[in-house]
Amino acid sequence: MENVVAYDGFFKGKKVFLTGHTGFKGSWMTLLLQSLGADVTGYALSPDQKQNLFDYTGLDKKMNSHIGNVKDFSVLQDAMIKANPDIVIHMAAQPLVIESYKNPINTYETNVMGTVNVLEAVRQLPNVDVCLNITTDKVYKNNEWLWGYRETDTLGGHDPYSNSKACSEFVTQSYRDSFFTKSNTLIATARAGNVIGGGDWAENRLVPDFIKAIQAGEEVIIRSPKAVRPWQHVLDCLGGYLHLIWQLSSNRELATSYNFGPENDNIRTVESLISKVCKSWGETASYKIEGNDTFHEAGLLRLDISRARQELGWEPKWGMEKTVSQIVSWYKAFSEGEDALELCNTQIDEFLLQ
């Protein structure tokens, strides 16, 4: 079902080239763009997990899907030339902190050189209006501040994942300043918080670990209960990205970096989030705390979303209660045999109409 009224119908008929379309966020982004009437071409590796949203929604048959690696410039460029996109959204990444410690070379090759390859391919195309590079809230040098990080704060990153995404920001800035100042193509980056939602089965992520434990009849194990994160529903995050692209179309001065995070109510500890999810799920859900100091992760992380609010007119839509209820209802319905595509589209329609 198309909902082309949202964003003033801007995305209807637009050709969008999306890297990372087979991942959790990429699959939701594809479905969201399709609901807005966009023609989506995807480029990504095959899904990592046997259980994955891309396969469950049958997206390989509902879009132009290229299976390839962003580290392979010639293949990526060929796919992008054939797609001839109006908009490029770069979401492909090695996205896990723990995996970045285990395989830092692949993490840097994917997250840094992958960004170089995407921007270089865009540079060769005359018709791209907007290229948006998706990074993360972890690009900031983490000082364990109580207040949220602003887009002008120092970039850094302790672990290879966070550091590689900060490098991706520097690559984007350099390409924008070196090659796109007199171009019709606008280049921006988006930094989001901890994204959660139905259809995620990735390893070493809080909500997927919860779902796997529940399905196995086990307690959920949380390793950093006091860690504070800016939790947000995947649709709030993706909606922010599309809101930025839409606003860029009429104001090229907005071609910079933006945080997309939740209101303060959603900035909570890991234990607080899991406690709410357990309560919403019911009596069969419980958790236990097991400390794990093997890898360093930031303890306190907040985002300041004032720039997106003031310059773009963007606001997050779903608070903590709504986010948790949408997640629990998605997984429960799916476990009872309901169709993943219908579940996603129902939540997308509700989100766009709000």
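## Close-up views of the predicted model

**View A. Arg191 stands opposite Asn259 in β10.** The structure is a predicted model, in which local features need pLDDT of at least 70 and side-chain atom pairs count only at pLDDT 80 or more, while totals for chains, interfaces and linings use all residues. Residues are numbered from 1 along each chain as its sequence is written, and side-chain values use heavy atoms, with hydrogens and water left out. Helices (H or I, at least four residues) and strands (E, at least two) are DSSP runs numbered from the N terminus. Strand β6 (residues 186-192) pairs with β10 in the parallel sense over four bridges; two strands count as paired if DSSP finds at least two bridges between them. From β10, Ser257 and Asn259 point one way and Tyr258 and Phe260 the other, and all are buried. Buried means under 20% relative accessible area, exposed over 50%, and partly exposed in between (1.4 Å probe, protein chains only).

**View B. Seven strands form an open sheet with parallel pairing.** The strand order is β3-β2-β1-β4-β5-β6-β10. At the edges are β3 (64-67) and β10 (257-260), each of which pairs on one side only. From one strand to the next, the twist averages 20°. Axes are lines fitted to C-alpha atoms, for helices over the stretch in contact, and angles run from 0 to 180 degrees between N-to-C directions. Helix α3 packs on the sheet, where it touches β1 (15-19), β2 (39-44), β3 and β4 (87-90); its direction makes about 160° with that of β1. Contact means heavy atoms within 4.5 Å. Helix α8 lies across β4, β5 (130-134), β6 and β10, and runs at about 160° to β6.

**View C. Ile81 belongs to helix α3 (residues 73-83).** With 47% relative accessibility, Ile81 counts as partly exposed. Ile81 and Gln124 are 43 residues apart in sequence, and their C-alpha atoms are 8.6 Å apart in space.

**View D. Helix α8 covers residues 234-248.** Of the 15 residues of α8, 15 are buried, so the helix is largely enclosed by the rest of the structure. The expected span of a helix is 1.5 Å times one less than its number of residues. For the 15 residues of α8 this gives 21 Å, which agrees with the 21 Å between its end C-alpha atoms.

**View E. Three strands form an open sheet with mixed pairing.** The order of the strands is β7-β9-β11. The edge positions belong to β7 (194-196) and β11 (267-269); each has a single partner strand, so one side of each is left without a neighbour in the sheet. Neighbouring strands of this sheet are turned by 50° against each other on average, direction ignored. Strand β9 (residues 228-233) and β11 run antiparallel and are joined by three bridges. Arg229 has Arg268 of β11 as its bridge partner. Helix α9 (residues 270-281) packs on the sheet and touches β7, β9 and β11, with its direction at about 90° to that of β11.

**View F. A search of the whole structure finds zero disulfides.** A disulfide is taken here as a pair of cysteine sulfur atoms within 2.5 Å. Cys131 takes part in no disulfide, and the nearest cysteine sulfur, that of Cys237, is 16 Å away. At 1% relative accessibility, Cys131 is buried. The closest cysteine sulfur to that of Cys344 is also in Cys237, at 15 Å, too far for a bond. Cys344 is buried as well, with a relative accessible area of 0%.

**View G. Helix α12 covers residues 340-353.** The end C-alpha atoms of α12 are 20 Å apart, in agreement with the 20 Å that its 14 residues should span at 1.5 Å a residue. At the start of α12, a side-chain oxygen of Asp339 reaches to within 3.2 Å of the backbone nitrogen of Leu341. The buried residues of α12 include Leu341, Cys344, Ile348 and Phe351. Its buried residues pack against α1 (24-35), α2 (53-56), β9, α8 and α11 (320-335).

**View H. Gln354 is found in the segment after α12.** Leaving aside neighbours within four places in sequence, Gln354 is in contact with Lys317 and Trp318. A polar atom of the Gln354 side chain lies 3.3 Å from the backbone oxygen of Lys317. A polar contact is a pair of N or O atoms within 3.5 Å; within protein, one must be able to donate a hydrogen and the other to accept it, and residues adjacent in sequence count only if both atoms are side-chain atoms. The C-alpha atoms of Gln354 and Met29 are separated by 18 Å, the two residues being 325 residues apart along the chain.
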